[in-house]
Amino acid sequence: MEKFTQLQGLAAPLDRANVDTDAIIPKQFLKSIKRTGFGPNLFDEWRYLDHGEPGMDNSQRPLNPEFVLNQPRYQGAKVLLARENFGCGSSREHAPWALEDYGFRAIIAPSYADIFYNNCFKNGLLPIVLDAAIVEQLFQESAATEGYQLKIDLPAQTVTTPSGQSFEFKVEAFRKYCLLNGLDDIGLTLRNVDKIKVYETRRKQEAPWMF
């Protein structure tokens, strides 16, 4: 998992509340568990004018010009601005996979669905919770200013606007540690690889029939 320390990136405003995981990555794309390749189908039903299926050449599909991520000014966005209850619905881990594969590293919203929020941390995404009034300010500023970038400092736990205004956010210490060090669940386990090898060697001697 890629480490997250500081990020300065273009912000894209998705002005919809209660965005569920089926909207983030529709159910027909859940057959793969590779974690990669989902970016082209992020928000598929909103992003394209036709119905998407796995294996389609997305470069040939008609784009919805009204959808925010299709607008030229938001190409290359690294920060997604969202409304309340982002990531509700089913618990599919493919949702943060699709967001990360598209290029997002952080999301800012007033609130998230719990399972989606947890899955973000496990996949290198930083879901930031800010007060709804602050999120509204960020939406307005991003709409008014083309090229609007936010600076996110995880060690300091701050979001800073182009004008220099800074907002603090909370993050649980263990999750912060994992993001700063690029540790997902597998990475955390592998920190104890020497102890695991010692245990396996002992178990082979104690219970050889298991191996």
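**Exercise 1. Decide whether C178 is buried or exposed.**

Solution. Start with the cut-offs: buried means under 20% relative accessible area, exposed means over 50%, and partly exposed lies in between (1.4 Å probe, protein chains only). C178 has 7% relative accessibility, so C178 counts as buried.

Before going on, note that this is a predicted model: local features need pLDDT of at least 70, side-chain atom pairs count only at pLDDT 80 or more, and totals for chains, interfaces and linings use all residues. Residues are numbered from 1 along each chain as its sequence is written, and side-chain values use heavy atoms, leaving out hydrogens and water.

**Exercise 2. Describe how helix α3 meets helix α4.**

Solution. Helices are DSSP runs (H or I, at least four residues), strands are runs of E (at least two), and both are numbered from the N terminus. Axes are lines fitted to C-alpha atoms, for helices over the stretch in contact; angles run from 0 to 180 degrees between N-to-C directions.

The axes of α3 (residues 94-102) and α4 (residues 114-122) come within 9 Å and cross at roughly 50°. Therefore α3 is oblique to α4 (under 35 degrees is roughly parallel, over 145 roughly antiparallel, 65 to 115 roughly perpendicular, the rest oblique).

Now list the contact (heavy atoms within 4.5 Å). α3 supplies A95, P96 and L99; α4 supplies F116, N119 and C120. These residues divide into five nonpolar, one polar and no charged. Here Ala, Val, Leu, Ile, Met, Phe, Trp, Tyr, Cys and Pro count as nonpolar, Asp, Glu, Lys and Arg as charged, and the others, Gly among them, as polar.

**Exercise 3. State which residues of α4 are buried and what they pack against.**

Solution. The buried residues of α4 are F116, Y117, N119, C120 and F121. They pack against α1 (21-24), α3, β3 (106-109), β4 (126-129) and α6 (173-181). Just after α4, G124 has a positive phi of about 85°.

**Exercise 4. Locate F4 and trace its contacts.**

Solution. F4 sits in the segment before β1 (6-13). Its relative accessible area is 1%, so F4 is buried. Leaving out residues up to four places away in sequence, F4 touches R105, A106, G124, L126, I152, L154, L179 and L180. F4 and A106 are 102 residues apart in sequence but 9.5 Å apart in space, C-alpha to C-alpha.
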